[in-house]
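Look at the model below and follow it from a pair of helices to the open spaces in the fold.

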Amino acid sequence: MTDRPADTSQPLSALAAEDQGLCRAAFAATANAHAPYSRFSVGAALVTASGTVFQGANLENASYGLSICAEAAALVAANNASDRAVTAIAVTGHSAGSRRDPAAIVTPCGRCRQMIAEFAALSDTDIRVLCCAGDLSRVLATSIDALLPHAFGRSSLTAG
Ligand code: THU
């Protein structure tokens, strides 16, 4: 593997008030996590162009591979409301055990990046991704284009 990217995270307080609110909504959503297997509670909150916030929490299953991530749950909630113009999504998570530093940043898994990219393509826009520390102390503010460069997407199906 290559070197780790530089840490460009910043304190939560350095973010715009709206973004701070989204991070707090993601943190609140961790309370709804059903994570008896990993004991890693993840929460996500997204905002759409209409200003509506949708939250999601991870939902695990005894058949581990069937688990649903918090970001996916939030995107499904927006889809259920036919409100797909996502402009930003925040994610955070914390472990019930002592295996993990509470101040470590949570970034979306590969599948969630692909799902976020699909929503970005729908609106032909980039989506801001706020990757929050488990204790909300710091936030890595990035975007789906940065997290998933050279993405496979709808246009890949018809590319000449
Ligand atoms: N998880 C998420 O909810 N989002 C991610 O982007 C990464 C992983 C969940 C899935 C599983 O319930 C737990 O975290 C441990 O992998």
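The crossing of α2 and α3 is left-handed, a term used when the near helix is turned anticlockwise from the far one by less than a right angle. Helices here are DSSP runs (H or I, at least four residues), numbered from the N terminus. The axis of α2 (residues 70-80) comes within 9 Å of that of α3, and the two cross at roughly 25°; axes are lines fitted to C-alpha atoms over the stretch in contact, with angles from 0 to 180 degrees between N-to-C directions. Because angles under 35 degrees count as roughly parallel, α2 is roughly parallel to α3.

The model is predicted: local features need pLDDT of at least 70 and side-chain atom pairs pLDDT 80 or more, while totals for chains, interfaces and linings use all residues. Residues are numbered from 1 along each chain as its sequence is written, and side-chain values use heavy atoms, without hydrogens and water.

Which residues of α2 and α3 meet? From α2 come Glu 71, Ala 72, Leu 75 and Asn 79, and from α3 come Arg 111, Cys 112, Met 115, Ile 116 and Phe 119, where contact means heavy atoms within 4.5 Å. This contact holds six nonpolar residues, one polar and two charged. Ala, Val, Leu, Ile, Met, Phe, Trp, Tyr, Cys and Pro count as nonpolar, Asp, Glu, Lys and Arg as charged, and the others as polar.

Helix α3 also gives the most to the lining of the second largest pocket, with five residues. A pocket is an open set of points on a 1 Å grid where a 1.4 Å probe fits, with protein on both sides within 12 Å along at least five of seven lines; lining residues have an atom within 4 Å of a point. This pocket has 17 lining residues, and Ala 117, Ala 121, Ala 151, Gly 153 and Ser 155 lie nearest its centre. Its space is about 290 Å³, a volume being the space filled by probe spheres set on the points, which are joined across faces, edges and corners.

The largest pocket has a volume of about 370 Å³. Its lining includes Arg 4, Asp 7 and Arg 113.

Methods: Angles under 35 degrees count as roughly parallel, over 145 as roughly antiparallel, 65 to 115 as roughly perpendicular and the rest as oblique.
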